[in-house]
Amino acid sequence: MTAQTTVPTKKEFCIDFPLYEQFTFAEGQDHDGWNVFYSQEPIDTYCPECNTHSIFHQHIISDVPRYLDGWVGSKRHHVTLKCSRDSDHRLYFLFDVEGRTVQKIGQYPSLADLNTYDVRQYSAVLPKEDFKEFTKAIGLAAHGVGVGSFVYLRRIFENLVDAAYQTAKNDSGWDDDAYQKSRMADRIQLLMGHLPEFLVENRSMYKILSQGIHELTENECLAAFPVLKMGIELVLDEKLAVAAKQQKLEQAKKAIHGLVSKAGAENRPGISG
Ligand SMILES: [Zn+2]
């Protein structure tokens with residue numbers, strides 16, 4: 001019965017499973033297979049159109065087979081999930097079945113769109129192109145693509161370090177020669193005060209960025225992925241905090257300006273009262 005625990009749920013098969021990954025349901029698991037295509041169970045997942053989590057239900061358009069093995073054979077199955085907030089918000093999935101082996105062969109929105117909800121906040125502080133590559137990298141890593149996703153993240157990380165460098169090089173006593181000659185881990189150290197402390201303390205984790213792509217295996221890249229992603233998020237978290245503080249200061253300035261000009265108007269004879 002241990003295999004039972006690894007059977008993907010409808011949500012896992014639709015939302016988390018990469019395309020073309022096959023799963024073979026055992027004969028005793030017909031009900032689990034049936035669930036993937038016909039279950040009406042609520043699915044809590046991100047709705048790209050609401051831009052937040054929502055509850056989805058399957059939209060049944062054809063007859064539901066009465067037999068639990070009705071889905072078995074050589075067939076294609078469509079699954080359409082409808083957002084409970086707005087029935088026009090739909091997620092589409094296409095499955096191919098051969099015998100009891102099932103694979104997802106198509107979906108819209110993309111896997112990356114459905115799995116990048118937690119990084120959406122960063123679109124406010126990343127250039128548009130970098131943000132696109134950030135979400136693309138997450139999508140690739142979700143598909144098990146190591147080197148490809150790593151290349152995208154490395155570029156974004158380097159851009160962020162370079163942005164810190166652009167500020168740091170105006171500091172008095174800045175040694176540009178040393179910086180230019182340094183590798184990534186040492187550059188992070190030189191940029192102390194311009195990058196999050198955590199990055200500086202753990203700079204040795206970023207040694208991998210100085211290695212050529214051809215020296216790295218798929219698995220090394222996949223292993224480095226979360227560390228690199230976290231580094232990027234830490235830099236972006238600080239940028240978000242700075243932007244939020246800046247916005248509050250602007251609001252405060254406006255409010256104070258409003259008060260002062262109002263007080264001025266009231267004190268002028270002939271205007272108030
Ligand atoms: Zn929705």
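This is a predicted model: local features need pLDDT of at least 70, side-chain atom pairs count only at pLDDT 80 or more; totals for chains, interfaces and linings use all residues.
1. Start with the overall layout. The chain splits into domain 1, covering 2–115, and domain 2, covering 117–239. Taken over C-alpha atoms, the centres of domain 1 and domain 2 sit 36 Å apart. The contact draws on six residues of domain 1 and eight residues of domain 2.

2. Who supplies the domain 1 side of that contact? Helix α3 (residues 111–115) gives the largest share of the side that touches domain 2, with three residues. Sorted by class, this side of domain 1 has four nonpolar and two polar residues, and no charged ones.

3. In the α4/α5 pair, helix α4 spans residues 128–142 and helix α5 spans residues 146–168. Their axes come within 8 Å and cross at roughly 150°. An angle over 145 degrees counts as roughly antiparallel, and α4 and α5 are therefore roughly antiparallel to each other. As for handedness, the crossing of α4 and α5 is left-handed.

4. If you want to look at the residues in that helix pair, α4 brings Asp 130, Glu 133, Phe 134, Lys 136, Ala 137, Leu 140 and Ala 141. Facing them from α5 are Gly 148, Ser 149, Tyr 152, Leu 153, Arg 155, Ile 156 and Asn 159. By class, the contact of α4 with α5 comes to seven nonpolar, three polar and four charged residues, whereas the domain 1 side in point 2 has no charged residues.

5. On to the strands. β2 (residues 43–47) pairs with β3 (residues 52–58) in the antiparallel sense, over five bridges. β2 and β3 make a hairpin, with four residues between them.

6. You'll find Asn 51 in the loop between β2 and β3. Its phi is near 60°, a positive value in a residue other than glycine.

7. β3 also has a partner in strand β4 (residues 73–83): the two run antiparallel and are joined by three bridges. Here Phe 56 has Cys 83 in β4 as its bridge partner.

8. Which form does the bond from Tyr 108 to Pro 109 take, cis or trans? That bond is cis, with omega near -5°. Pro 109 lies in the loop between β6 (101–108) and α3, and α3 is the helix that gives the largest share of the domain 1 side touching domain 2.

Key: Residues are numbered from 1 along each chain as its sequence is written. Domain bounds come from an automatic or database domain assignment. Two residues are in contact if their C-beta atoms, placed from the backbone, lie within 7 Å. Ala, Val, Leu, Ile, Met, Phe, Trp, Tyr, Cys and Pro count as nonpolar, Asp, Glu, Lys and Arg as charged, and the others, Gly among them, as polar. Axes are lines fitted to C-alpha atoms, for helices over the stretch in contact, and angles run from 0 to 180 degrees between N-to-C directions. Angles under 35 degrees count as roughly parallel, over 145 as roughly antiparallel, 65 to 115 as roughly perpendicular and the rest as oblique. A crossing is left-handed if the near helix is turned anticlockwise from the far one by less than a right angle, and right-handed if clockwise. Two strands pair if DSSP finds at least two bridges between them.
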